[in-house]
Amino acid sequence: MKIDKETLYYIIDKAREKGADYAEARFHSNKSSTILLRNGNIIGVGMDVTEGVGIRVLVSGSLAFSATNNLDKESLERTLDKAISAARAGSHYNKKPILFSNEKMEKASYSVEVKKDPKERSFEEKIGYLKELWKQVSSSTNKAKVQALFTMYSETIEEKSYVNTEGAEIESHVPRIKLFYNIAVQGTNGEGANRWYEYAASGGLELLEEWNVEEVIVEEARILEKVLEEAKRVPQGKYDVVLGTEVVGLMVHESCGHPTEADRILGREAAQAGESFITKEMIHTRIGSEHVTVIDDPTIPRSNGYYLFDDEGVKARPRYLYNEGIINEFLNNRATAAELNVKSNAAARAMDYNSEPIVRMANTYFKPGEYTLEELIEDVKDGLYVKSYMEWNIDDKRWGQRYVGLEAYRIEHGKITYMVKNPILEFTTKEVYTNTDAVGKNLEFHAGVCGKGEPGQGVPVWFGGPEIRVRKMRMK
Amino acid sequence: MIRETAEKILNELTRKSDDAAVKVTNVGISMIKYANSQPSVIQNWTKTTITLYINREGRIYVTDIDSASPIDNTRDLLEKTETYRIMEPSMYNAPLPQPETTEAKSIVIDKKIIELTQDLDKIMGVVYQPTQNYDIDRFAGKIELGQTHSIIMTSKGFVGEEKTTFIDGYIRAFKGERSGQWAFTSTSYNEELIKTMVERACDYATLKLPYVKLDPGKTSVILSPMVFSNLIDYIADMSTATSIDMGFSFLLKYNKGQKIASEKLSLYDIPLDKEMPYTTTFDDEGIKTYNKPIIENGVLKTILHNTKTAVRRNEKTTGNAGWLSPHPWNLEVKEGEQKLDEMIKETKNGILITNNWYTRLQNYIEGDFSTVGRDAIIIIKNGELAGLVHRIRIADKFPKLINNIEELTREKYPIQWWEVDTPVRVPFVKIKEANVTLPE
């Protein structure tokens, strides 16, 4: 059930009448259908609808958010009243008022082009495709046994209609496709290992063809087999490391994207996902070598984190977070921008109608350089190539990070010589960016769901980059 | 009202299915999020949500509807199931169980919470006021409270009604570069729990201990209930039949009756504990819930099942449905015999880790994981608190860690927060030879 724009305008007009300094109303619909399989056997089908209106108001410097899925005017007005009275109550405790930056507001509408509509392929075909994955994987290994393949395929459509009291009126339509899998393999000595990964992007079924999962997944099972049967441990010590695009993507998401979120820097997430090693005074200071440029760009066509206007009505653009090794720009919404006396760069996103818009990444990537992978490797005498990972984490200041390699190789005298078992890289943010001395020229993106906020909001993102070379990293 | 909605939807469903169930839930929730010692946002949610289960010729459909037009959405879904008939029956196909009783109620209501949801000013003060008694620079956190009212109906004639109030919260207090955090959860308003939350967070943030250097490696660790509840939440999740089936559990390698942990560890699923927010007397299939050991005296006692996963393993449901996946309700670890002070006093060299986050696994089958410490991480030397360290990790294996449990405290704390989904009541725990790492 879609809501008409007049109703949204009615709400924000009422908000003004009732004393709100600012108000926004966002109709937000997320519809998804999901097929779940284990070892080629169907578990079930899920079909979910989340649809309603989120209302946010600023009253006397106090911010409140209320949401409802009851879309009649009376209910929406009750929801608005709750937001206004909550904001009033909050203002009694506010020592420092919350303000929004002045921004240019526009009326716009955008949608993602679908080349192959999911409706054009029958359900039978989709099931057949997913069952084939198990057929391929189950017979892919020689010695090790594939114990389980869990697959989850989903099609989603996210639609929004947004207005605020400052003249923004934005409509959007973003369909997405996602394929998640987990492979569990048992080696001949009884040891097990697993690999999960997800593909996700905005668009239609053309994505499935591009991803070529049927071949990738076979290779994934064989890699697990090699990890269990052939990979060797290498002594702890300092090595030159070539990081694969998957590791680089996650690393820039965790140690550039998150620490440049201005709401963290200003303490708004302090009790949840934490704060940042970056203080507001550190803008334009050095964090890494001149090879390090990290961009977050919501406007990449067909990306997982795609949007052209954020959930405060501000027009999106690429954000150069680290530029040639310098902390260049924070991710801002209107509240953090006002506090830092800058303009918003359209980083406000909400997961669904139940969620307040907060500062988020979209598609974060390490800017490619000029090297091929072979060139990066040939200049390493004693090192490692860590192509993929399973375990990772980072502390709540985004300083100490850890990645445990899954597919990883030893490099000796410029050549890959053998597979390495679970190399552990544990380093600081400054260390890894400072020691980066060469950057590959390809650019690959990986999909994820980034969690933040209270209640937790998971929003679709991409993270990516080329391979990079980092000198003298500790391997445990 | 929600009963009528449930009846209406179940009628729609039963026309085109062999088995069906519906859960209609009304929620009214208020949350205050604090940052820099003031509310950063106050949030309210009032809504009705609907979850449907349909079994049509063995094909299983589960749907969450959070919208204004559930009946239309239900009809859309039923229409789609026509198209989906070409798929084979589910590997978990099994009929919904015959109810042991046709009507069941689970009512846990605290009027004080209902009153407070109408008085946001008062809720704000509940956390704000006690923090003013401590010498801290600032605090952040949240307090959330509300009520849920649900009706579950199945095509086998079961009708269950559930009413629950809840309140949970957490505070992170800061003093210079030091910080402390604590959380609580409950079905009733309990000033003592709020006081403990503020007290512990502020005490840890204001510890007058120097920062010291730590050599990484194997050492004894005392994990606070904040940390232990996070790890227990993971272990309990891995004890569900679907986690094992999907390759997301180290219990894939073990059978019931096997010793998998120190005999000091007993972990229970406790749906009937009325102080814990996910309390219920029946599950989503209408089966009576009961408290049960998952691990008792170190022995794996129960894999959590719904009817479907149980049939596949030739076992009985444990009353933990989830229509697709079983899940724990509330968790509790059996207390030990020591006081925290005694536990510290008996530790020659070790670390007290008061909070953690970002637990991730390298290998679910082997249980290889790491988790990052945050807030007060306290070095213990010769039975005394001797200094603080920054953000260490525990990087180890779940099976090894739970086998190395040496002692637990008598006092337990009910925890639920950003890093702990399932309400867990746990003591402090002492674990020997835990592997501790540092990024530098």
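**Exercise 1.** Find the bridge partner of A:Thr50 in strand 3 of chain B.

*Solution.* Step 1: go to strand 3 of chain B, residues 59-66; strands here are DSSP runs (E, at least two residues), numbered from the N terminus. Step 2: the bridge partner of A:Thr50 there is B:Asp66. Step 3: look at the wider pairing. Strand 2 of chain A and strand 3 of chain B pair in the parallel sense over 4 bridges, where pairing needs at least two DSSP bridges between the strands.

Before you go on: this is a predicted model, so local features need pLDDT of at least 70 and side-chain atom pairs pLDDT 80 or more, while totals for chains, interfaces and linings use all residues. Residues are numbered from 1 along each chain as its sequence is written, chains are lettered from A in the order in which they are written, and side-chain values use heavy atoms, leaving out hydrogens and water.

**Exercise 2.** Describe the area buried between chain A and chain B.

*Solution.* Step 1: buried area is the accessible area (1.4 Å probe) that two parts lose on being put together, summed over both. Step 2: the value is about 7300 Å², with 51% from carbon and sulfur atoms. Step 3: A:Met47, A:Tyr93 and A:Glu454 supply 11% of the area that chain A buries against chain B, more than any other three residues.

**Exercise 3.** Count the salt bridges between chain A and chain B, and look at one of them.

*Solution.* Step 1: look for a side-chain nitrogen of Lys or Arg within 4 Å of a carboxyl oxygen of Asp or Glu. Step 2: the count is 7 salt bridges. Step 3: one joins the side chains of A:Asp396 and B:Arg172, at 2.6 Å from N to O. Step 4: on the side of chain A that touches chain B, strand 2 (residues 41-59) gives the most, with 11 residues.
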